[in-house]
Amino acid sequence: MLRYIYVDQLDQLPRLAQTMFRDRAVQFKDRLGWEVSVDRNGHERDAYDDMCPLYVIWELPDGTHSGSMRFLPTTGRTMVHDHFAHLAGGVHIESPLIWECTRFCISPRADDTRSCAAALVRGAGEVMRRFSLRHYIGVFDPRMARIYRLYGVSPDIIGQAGSGAGEICVGLW
């Protein structure tokens, strides 16, 4: 089931929230080796999770997380503004019609990763339509480019830095 949930609604679905934040720790810290904070509960959360983001979450029948993404308007603080502005060529991207999409995560428990990713892409399209958005901006690992191409949603890469496993990109969808 595809859910659209603001952070202040997550307490109504504690199992879904806990498994999402744990899966993010597994994906971003353990698997990708990113420098992210993981709390004593094994949850990967950052300051942007406290800024009233909208999550698109694919929920498994048992109420656990299968995949998710986080959305924030660029009219407030975002990861691109705060940490990756240099990758955007110093241009401050801010518009009510552009939202940041980050933390695209697929759970190791996902029974069908392709269907989960497709559902999340569909959810992003529904968010875009619902809020009359023109673009998404996001920070991503370049290995994700293959997945984006597979679903016909390849971003225009604005900038990138690093190499190998340490490479990071900022893209505009």
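Modeller: S132 counts as exposed, at 51% relative accessibility; here exposed means over 50% relative accessible area, buried under 20%, and partly exposed in between, with a 1.4 Å probe and protein chains only. The model is a predicted one, in which local features need pLDDT of at least 70, side-chain atom pairs count only at pLDDT 80 or more, and totals for chains, interfaces and linings use all residues. Residues are numbered from 1 along each chain as its sequence is written, and side-chain values use heavy atoms, with hydrogens and water left out.

S132 belongs to the loop between α3 and β5 (135-140); helices (H or I, at least four residues) and strands (E, at least two) are DSSP runs numbered from the N terminus. The phi angle of S132 is positive, about 55 degrees, although S132 is not a glycine.

C52 also has a positive phi, near 60 degrees, and is likewise a residue other than glycine. C52 sits in the loop between α1 (14-31) and β2 (54-59). With a relative accessible area of 42%, C52 is partly exposed.

The cysteines raise the matter of disulfides, a disulfide being a pair of cysteine sulfur atoms within 2.5 Å. By this rule the chain has 0 disulfides. For C52, the nearest cysteine sulfur is that of C101, 16 Å away, and C52 is in no disulfide. C116 is in no disulfide either, the nearest cysteine sulfur being that of C105 at 8.6 Å. C116 is buried, at 1% relative accessibility.

Another loop position is D111, between β4 (98-106) and α3 (113-130). D111 is exposed, with a relative accessible area of 66%.

P73, by contrast, is placed in a strand, β3 (residues 65-73). At 28% relative accessibility, P73 is partly exposed. When neighbours within four places in sequence are set aside, P73 is in contact with T78, I98 and W99, where contact means heavy atoms within 4.5 Å. Between the C-alpha atoms of P73 and G152 the separation is 23 Å, and these residues are 79 apart along the chain.

As to the chain itself, 4 helices and 7 strands are present, and from the N terminus they follow the order β-α-β-β-α-β-α-β-α-β-β. The radius of gyration is 15 Å, close to the 16 Å of the globule rule for 173 residues, so the chain is as compact as a globular protein of that length; the radius is taken over C-alpha atoms, and the rule is 2.2 Å times the number of residues to the power 0.38. The C-alpha trace spans about 45 × 35 × 30 Å along its principal axes.

Of the 173 residues, 49% are buried. Among contacts with a separation of 6 or more, 66% are made by residues 24 or more positions apart. The chain exposes about 8700 Å², of which carbon and sulfur atoms supply 52%; these areas come from the Shrake-Rupley method with a 1.4 Å probe.
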